[in-house]
Amino acid sequence: MTSERKKTKSFAAFGSVVALGAAAVAAAVLVAATASDPLDALRAFFLTPLGSRWFLGNTLDSAALLTVAALGIVIAFRAGTFNLGGEGQIYAGGLAASVVLLSYPNANGTIVLCAAALAGALTGGILAGTSGLLKARFGVDELISSFLVSSAVGPIADYLISGPLRDSANNLLATARFAPDRLLPRILEPSTLSISVVFALILIAAVALVLDRTALGFRIRVAGSSPKFAAFAGIDPTKYWTPAFSLSGALHGLAGFFAVAGTYGLCHRGFSGGIGWGAIAVALIGRNSPIALIPAALAYAWLETGSETAMLSSELSFETASLVQAAVFLLVTARFSGWNLSRVRAFLRRNR
Amino acid sequence: MIPSILASAAPLILAGIGGLLTELSGSLGVFLEGFMTLGSFIAWTATKLSGSPIVGCSAAALVAALIGWFMAAFVKATGANSFIVALALNLAANGAVDAVSVLAFGTKGVLVDPSVPALGNAPFTVLTALTVLATAFVLSRTRVGLRLRATGRCPQALLERGGNPDRYKAASWAFAAALAALGGAALTFRVGAYAPGGVAGRGWIALVIVYLGFRNAFGVAAAAIAFAAAEYVSGVAQGTGTIPATLLLGLPSALALILFTVTTILRARRSK
């Protein structure tokens, strides 16, 4: 039994490596095909993220953001739900945090930062919690409802950022910059890496501890992976949907807070673009294990930063992120995986 | 007013019928959004190259059908998760269309060309009406339709009767892809231009419409028309200038969410 489990796990790891490898190849082909000097572009792609403090720091920073959001995907998944509204939760969470960071000019910076983190987490949590509650109470499918909430919220945030909250002294479609004492301290200047990476590690440890080492985590896992068995064991699986989904949204909102207060120092229109999908890719690569998110996020962030910088140097630049994500999504659950998406399978078969 | 509502319902109905076919075969058509994007772009490109909108639409439908078939075959062969693979298609469609647009036409923006005309409301309204009638007929009156419904409801029964559920599933994906691509083409020919992001979540709304339409071809058409009417009202509101245009972009999703929630709750109440 244990050796079989080990085998499944190593198959799963193999699947992740294949998916990442294919994504890297796809990105490399794109980069080389569009560059005037393919070799130079490939060097930029694979080595720049490691080559300078600036790129290394930015890669680590983007890995930290992805990890926090991916933790949210993992929690929702463990409880047997799928959060497809990450993009909107990150966006709204970051915006709510920004509003707090721009208010109370006389208050202490650290306290305002804490309040902003709370506001971000609450906003994301409420957005997602609505979907969780609708599922638990009325059986409204959370995949579709969370996605629709997210795409309804996006334009509202767009409007607020380019309208009422816009800093008119600035040419960007963005809010004003936050005061210097309201930014998360940077650790690897001149990159955008801030202490958010430390919080990301703490959050991973906390989630891993709760999910894998406590009775609550066990109950959530049983309820999520086999609801019928859970019901026999006296666990009501529907009980965990709302809290797990709210927590998932809260982590996405927190990722939004880290993005505005740590990475950007302001809230610009569409800042969250792609983080949500990237986080799902990272959670898939990490096979929904909190600890495995660390290598998954690092590898994924390296791919993303690399292809972005290589594209910037070429004349014909386009976004490679979604193609990299697509390659990961396409291959990551192929047969060599031991990853059992029982919830989604049940969903797909439901219409009997 | 009515022709314009019918015309804006057409892309939703076409994609919705595609979603209905996938739904009946037992999976969720998460990929509709991606195929609408692809179809909208391919229709523009093929029309520009050939000079004929008919060739443009056929190319969009054919390419999409091939990809849809291939996806089903890939899922069958590798045991990959069909939901995640469908999300991959959505991401790939956006990325690939952007990339090809930049590489071939040098822009990520709106594509306009005199050889790609705006076709007016009639052609796609007629095409859509024919599609709905044909689908309703095939589903309820033919053996193929019965077997497709069996694929989703009870694949074992189909196997015992000598049918192959995998083939029905693959075919339903191919048809759904082609119909969604035609829906995308309808968006292109309404204005005679390809606009990036022009699909704007219609593929997801089509999924909701399948559900609102009681998983029935005429129901899908009725739900889409009701939806388009609501969109029309919002367009009028936009014209009066009291509501900022950016905000209105979220309205279709919000409306779909409310309708989806309310019908689910009503249905849960009734079945109790």
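Reader: To begin with, is the crossing of H1(B) and H5(B) left-handed or right-handed?
Author: This is a predicted model. In it, the crossing of H1(B) and H5(B) is left-handed.

Reader: At what angle do those two helices pack, and how far apart are their axes?
Author: Helix H1 (residues 2-24) and helix H5 (residues 122-141) of chain B pack at an angle of about 35 degrees, and their axes are 9 Å apart.

Reader: Which residues make the contact?
Author: From H1(B) they are Leu6(B), Ala7(B), Ala10(B), Ile13(B), Leu14(B) and Ile17(B). H5(B) supplies Phe124(B), Thr125(B), Thr128(B), Thr131(B), Val132(B) and Thr135(B).

Reader: And how do they divide by class?
Author: There are 8 nonpolar and 4 polar residues in this contact, and no charged ones.

Reader: Let us change topic. How many residues of each chain are in contact with the other chain?
Author: On chain B there are 45 such residues, and they are in contact with 43 residues of chain A.

Reader: Which elements of chain B are on that side?
Author: Those giving two or more residues are helix H4 (82-105), helix H6 (143-153), helix H9 (202-212), helix H11 (245-248) and helix H12 (251-271) of chain B. The largest share, 15 residues, comes from H4(B). By class, the side of chain B that touches chain A has 26 nonpolar, 15 polar and 4 charged residues.

Reader: You mentioned H9(B). How many of its residues are buried?
Author: H9(B) is mostly covered, with 11 of its 11 residues buried. Among them are Arg202(B), Trp204(B) and Tyr211(B).

Reader: What follows that helix?
Author: H9(B) is followed by Phe214(B), which is found in the loop between H9 and helix H10 (217-240) of chain B.

Reader: Why does Phe214(B) count as partly exposed?
Author: Phe214(B) has 13 other C-beta atoms within 10 Å. A residue is exposed with 12 or fewer and buried with 20 or more, so a count in between makes it partly exposed.

Reader: Where is Tyr104(A), and is it buried or exposed?
Author: Tyr104(A) is in the loop between helix H4 (86-102) and helix H5 (109-138) of chain A. It counts as exposed because it has 12 C-beta neighbours inside 10 Å. Phi of Tyr104(A) is also positive, near 50 degrees.

Reader: Now the core. Which residues touch the most other members of the largest nonpolar core?
Author: Of its 216 residues, they are Val328(A), Phe329(A) and Ala181(B). Helix H8 (residues 165-191) of chain B gives the most to this core, with 17 residues.

Reader: What does Phe329(A) touch?
Author: Leaving aside residues up to four places away in sequence, Phe329(A) touches Ala281(A) and Leu284(A), together with Ile84(B), Val85(B), Leu87(B), Ala88(B) and Leu91(B).

Reader: Finally, how many helices and strands does chain A have?
Author: Chain A has 14 helices and 0 strands. The radius of gyration of chain A is 20 Å, close to the 20 Å that the globule rule gives for 352 residues, so chain A is as compact as a globular protein of that length.

Reader: Which peptide bond in it is cis?
Author: The peptide bond from Glu189(A) to Pro190(A) is cis, with omega near 0 degrees. Pro190(A) is found in the loop between helix H6 (142-162) and helix H7 (196-213) of chain A.

Methods:
Residues are numbered from 1 along each chain as its sequence is written. Chains are lettered from A and ligands numbered from 1 in the order in which they are written. This is a predicted model: local features need pLDDT of at least 70, side-chain atom pairs count only at pLDDT 80 or more; totals for chains, interfaces and linings use all residues. Two residues are in contact if their C-beta atoms, placed from the backbone, lie within 7 Å. Helices (H or I, at least four residues) and strands (E, at least two) are DSSP runs, numbered from the N terminus. Ala, Val, Leu, Ile, Met, Phe, Trp, Tyr, Cys and Pro count as nonpolar, Asp, Glu, Lys and Arg as charged, and the others, Gly among them, as polar. A nonpolar core is a set of buried Ala, Val, Leu, Ile, Met, Phe, Trp, Tyr and Cys residues joined through C-beta atoms within 7 Å. Axes are lines fitted to C-alpha atoms, for helices over the stretch in contact, and angles run from 0 to 180 degrees between N-to-C directions. A crossing is left-handed if the near helix is turned anticlockwise from the far one by less than a right angle, and right-handed if clockwise. The radius of gyration is taken over C-alpha atoms; the globule rule is 2.2 Å times the number of residues to the power 0.38.
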